[in-house]
Amino acid sequence: MSRTPIIAANWKMNMGPKEAKDFLAALKNELSCECKAVDKVIVPPFVTIPAVMDTLNGCTCLGVGAQDVSDRDNGAFTGEISTTMLNELGCKYVVVGHSERRQYHGETNAYINRKIKKALAAGITPIYCIGETLAQREAGELETVLSTQVVEGLEGLTPEQVGGLVIAYEPVWAIGTGKTASAADAQAAHAFIRSVVEKTFGAEAAAAVRLQYGGSVKPANAKELMSQPDIDGALVGGAALKADSFAAIIKAAL
Ligand code: PEP
């Protein structure tokens, strides 16, 4: 099965509305719609999403996502953002389970699973982040960690739902550190993740689910990573804050 590559810019706590508008103007100069063969997604901070939508003005060339979502519908949950709100803004994607949220906000697989279910119920595609820490890799726990994150994070989903997901494999030791997994190590981890999806949800889901690599992806390493058979795109942090380097990564997926 051929899977459309998907490149997403996780802006984290960077880029207010004004900077985002400047970024999008610069990105427009770098890219033309010849890049339709690649799904491109911008994931701004919540407060920047309306400015991004205004600038896109209905153009569907870029998808827009949120960096997180609540596992509740509405009510007394200070600081939380619901799927209804994301839908009202026009978000098509939501990042869930990013290692920074696991690390700094104590998010567990079970909690992330509830967010994934909320997103799917609202018609929003989750970008589900998984990955091991350096200590876990060095202790030989890579496969146990990844399979637990897949099985617990996706518990209760149908094979169709899993086939429509994006799973981002982001080794924690490679995020924002400048260290990238070698293409061979990244491919091995992606192939393993796909095998766990196959064992748990069947061959069709495994063939359809898109797997992104994340962790210090930059123009110089993007092509080699994305030419691996089980790597279907990239989740990009630092290198997605500049329009020229984000555009170069998109072009590397073509
Ligand atoms: C990320 O946090 O999702 C990420 C991949 O960051 P960076 O590209 O900066 O390592």
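Student: In which helix is the place of Glu160?

Tutor: Residues here are numbered from 1 along each chain as its sequence is written, and the model is a predicted one, in which local features need pLDDT of at least 70, side-chain atom pairs count only at pLDDT 80 or more, and totals for chains, interfaces and linings use all residues. Side-chain values use heavy atoms, leaving out hydrogens and water. Helices (H or I, at least four residues) and strands (E, at least two) are DSSP runs, numbered from the N terminus. Glu160 falls within residues 159-163, and that is helix H8.

Student: Is Glu160 buried or exposed?

Tutor: Buried means under 20% relative accessible area, exposed over 50%, and partly exposed in between (1.4 Å probe, protein chains only). Glu160 has a relative accessible area of 62%, so this residue is exposed.

Student: How far apart in space are Glu160 and Val209?

Tutor: In sequence, 49 residues separate Glu160 from Val209. In space, from C-alpha to C-alpha, the distance is 9.4 Å.

Student: How many residues of strand E7 are buried?

Tutor: Strand E7 covers residues 210-214 and is largely enclosed by the rest of the structure. Arg210, Gln212 and Gly214 point one way from E7, while Leu211 and Tyr213 point the other way, and all are buried.

Student: Which residue of E7 is the bridge partner of Ala168?

Tutor: Two strands pair if DSSP finds at least two bridges between them. Strand E6 (residues 166-169) pairs with E7 in the parallel sense over four bridges. In E7, the partner of Ala168 is Gln212.

Student: And which residue of E8 is the bridge partner of Gly214?

Tutor: Strand E8 (residues 233-236) runs parallel to E7, joined by two bridges. In E8, Gly214 has as its partner Leu235.

Student: What distance lies between the end C-alpha atoms of helix H5?

Tutor: H5 has 13 residues (109-121). The expected span of a helix is 1.5 Å times one less than its number of residues, so H5 should span 18 Å. The model agrees, as the end C-alpha atoms are apart by 18 Å.

Student: Within what arc do the buried residues of H5 fall?

Tutor: Asn109, Ile112, Asn113, Lys115, Ile116 and Ala119 are the buried residues in H5. Seen down the axis, they line one face of the helix, because the arc (that of the directions from the helix axis to the C-beta atoms) is 165°.

Student: Which aromatic residues form one cluster?

Tutor: Rings of Phe, Tyr and Trp (its six-membered ring) pair if their centres lie within 6.5 Å; planes under 30 degrees apart count as stacked, over 60 as edge-to-face and the rest as tilted. The rings of Trp11 and Phe23 have centres 4.9 Å apart and planes at 75°, so this pair is edge-to-face. Those of Phe23 and Phe246 have centres 6.3 Å apart and planes at 40°, so this pair is tilted. The cluster is made of Trp11, Phe23 and Phe246.

Student: How many residues apart in sequence are the parts that Phe23 and Phe246 tie together?

Tutor: Phe23 is buried, with a relative accessible area of 5%, and Phe246 is buried too, at 0%. Phe23 lies in helix H1 and Phe246 in helix H12 (residues 243-252), so the separation in sequence is 223 residues.

Student: How many disulfides does the structure hold?

Tutor: A disulfide is a pair of cysteine sulfur atoms within 2.5 Å. Take Cys129, whose nearest cysteine sulfur, that of Cys91, is 15 Å away. For the structure, the number of disulfides is zero.
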